[in-house]
Amino acid sequence: MLLDIEHLRIAFRMGPRYSVPVRDVSFSIPERGRVALVGESGSGKSLTALAIGGLVEHAEISGRIKGSPKIAYIFQNPMQSLNPVMRVDRQISEAKRDAAKSVESLLLSVGLPAEAAKKYPCQLSGGQQQRVMIAMALAAEPDLLIADEPTTALDVTTQKDVLELVDRVAGERGMAILLITHNLGLVAEHSNYMNVMYAGEIVESGPVAEVLGNARHPYTQGLIAAVPRLDAPKDAPLVDIPGTVPPPWDWPNGCAFHPRCPYREPACEKNGCRCARMVSKS
């Protein structure tokens, strides 16, 4: 196994009490694996990913992260991640000292012309900026590529191109991928194993086909039901999950999803999710 995360907990002190956005997260990433971490904004996905690389500051972190692969990140907004006053070649070179000699080949490998090396980020489109981010990640020669919402703000065609590029370069270089997203369509196409995260916890996990085909947890069922269907009538209403993810300092007791759950019972406020055992996807 390339990486094992066991009972990860991340807490921030807020005056006399703690905010715990990641409570008890465990999952594994095999070598060359394609693993997804799925959930709404505020579920704790990005913070978990940052903790894997030791990038969380001013927090109390417990649990175990077993394995020491080289990790590179692709963040969700390249315009905010790239330095606007540095040319592309210099930014790629910063990812690895000897990368300056191979900047052009790295750019070519991600589908950008060599001339892009001398441009500033503002001279590139959103898709081209994300390709630069991928080139920077490749410069570090990682074992694990963490892609945190890598297609945010990109049009559908560019999303497809970027994700196919990530798949291709990961396959060629033998890298594992951790894809962080709320888009189940991307998960179905680009991952083999998925972990559904809600309120700082993994609520369901398994092979992608198995989870999407027979989701057990009501939250997973809600995410699947909210995916628009191409064969739905034009006037069909969009399905959503009522309410929002609560803030980390206000996680509910018992099953954290119970305030939004259509199957909730009084016992849900004290116990874990019984529906995950009792309710199959209709």
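The chain comprises 10 helices and nine strands, where helices (H or I, at least four residues) and strands (E, at least two) are DSSP runs numbered from the N terminus. The model is a predicted one, in which local features need pLDDT of at least 70 and side-chain atom pairs count only at pLDDT 80 or more, whereas totals for chains, interfaces and linings use all residues. Residues are numbered from 1 along each chain as its sequence is written, and side-chain values use heavy atoms, with hydrogens and water left out.

Along the principal axes, the C-alpha atoms fill a box of roughly 65 × 50 × 35 Å. Of the 282 residues, 46% count as buried, a class defined by a relative accessible area under 20%, with exposed meaning over 50% and partly exposed in between (1.4 Å probe, protein chains only). The accessible surface comes to about 14,500 Å², of which 51% belongs to carbon and sulfur atoms, as computed by the Shrake-Rupley method with a 1.4 Å probe, only the protein chains shown counting as cover for residues. Among contacts (heavy atoms within 4.5 Å) between residues at least 6 apart in sequence, 67% join residues at least 24 apart.

The chain carries 30 positive and 31 negative side chains, and the centres of the two sets lie 2 Å apart. In this count Lys and Arg are positive and Asp and Glu negative, while His and the chain ends are not counted; the place of each charge is taken as NZ of Lys, CZ of Arg, CG of Asp or CD of Glu.

A search of the whole structure finds six salt bridges, each defined as a side-chain nitrogen of Lys or Arg within 4 Å of a carboxyl oxygen of Asp or Glu. One of them joins Lys66 to Glu6, with the closest N and O atoms 3.6 Å apart. Because Lys66 lies in strand E4 (residues 60–66) and Glu6 in strand E1 (residues 3–14), this pair ties together parts that are 60 residues apart in sequence. Both partners are partly exposed, Lys66 having a relative accessible area of 33% and Glu6 one of 25%.

A further salt bridge is formed by the side chains of Arg23 and Glu201, at 3.1 Å from N to O. Here the link runs between strand E2 (residues 17–29), which holds Arg23, and strand E9 (residues 201–207), which holds Glu201, across 178 residues. Glu201 is partly exposed, at 26% relative accessibility.

In the salt bridge between Asp89 and Lys118, the closest N and O atoms are 2.7 Å apart. Asp89 belongs to helix H3 (residues 88–95) and Lys118 to the loop between helix H4 (103–109) and helix H5 (126–139), so that parts 29 residues apart in sequence are tied together. Asp89 is buried, with a relative accessible area of 16%, whereas Lys118 is exposed at 56%.

Two histidines were also examined for backbone geometry. His7, in strand E1, has a phi near 50 degrees, a positive value in a residue other than glycine, and is exposed at 53% relative accessibility. His58, in the loop between helix H1 (45–52) and E4, likewise has a positive phi, near 60 degrees, and is exposed with a relative accessible area of 73%.
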